[in-house]
Amino acid sequence: MLSLRDRLGTRGVVMTCGEHGSAVLDDGYRAIPPLPVTVVDTVGAGDGYLAAMVACLVWGKPLIEACEWASKYAAFKVTRKGTIPGYPHLADVEKFMKSHA
């Protein structure tokens, strides 16, 4: 039986699980717990997670670290209303993450 990574032909697999966090299959399996926040609007949270994860990979972070950062980004996004206006700027994200460290 082929592993999920072999069947997909990829080095890693990421699955977002909404309010339950996310999961990463890379060198091993890792569950990333959600950051508890007061949810205002979930629209765009998955897209925000993906964009944040890709940005981190471009910045040179390993997949697991990128997913942990993306999870926190998505948690911040759901505290804001809307899609495009709801996506926070990097400075705001960093401030949010420092306050939830």
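**A loop residue and a helix pair**

Tutor: D41 lies in the loop that runs between strand 3 (29-32) and helix 2 (45-58); helices (H or I, at least four residues) and strands (E, at least two) are DSSP runs, numbered from the N terminus. The model is predicted, so local features need pLDDT of at least 70 and side-chain atom pairs pLDDT 80 or more, while totals for chains, interfaces and linings use all residues. Residues are numbered from 1 along each chain as its sequence is written, and side-chain values use heavy atoms, leaving out hydrogens and water.

D41 is buried, at 12% relative accessible area (buried is under 20%, exposed over 50%, partly exposed in between, with a 1.4 Å probe and protein chains only). Leaving aside residues up to four places away in sequence, D41 touches K77, V78, R80, K81 and G82, contact meaning heavy atoms within 4.5 Å. The D41 side chain reaches the backbone nitrogen of G82 at 2.9 Å.

The axes of helix 3 (residues 63-77) and helix 4 (residues 90-99) come within 10 Å and cross at roughly 100°, which makes the two helices roughly perpendicular (65 to 115 degrees; under 35 is roughly parallel, over 145 roughly antiparallel, the rest oblique). Axes are lines fitted to C-alpha atoms, for helices over the stretch in contact, with angles from 0 to 180 degrees between N-to-C directions. Helix 3 contributes W69, K72, Y73, A75 and F76, and helix 4 contributes L90, D92, V93, F96 and M97. In helix 4, V93, F96 and M97 are buried; these residues fall within an arc of 95° seen down the axis, so they line one face, the arc being that of directions from the helix axis to the C-beta atoms. They pack against helix 3, whereas A91, K95, K98 and S99 are exposed on the other side of helix 4.

Key. Polar contact = N/O pair within 3.5 Å; in protein donor to acceptor, adjacent residues only side chain to side chain.
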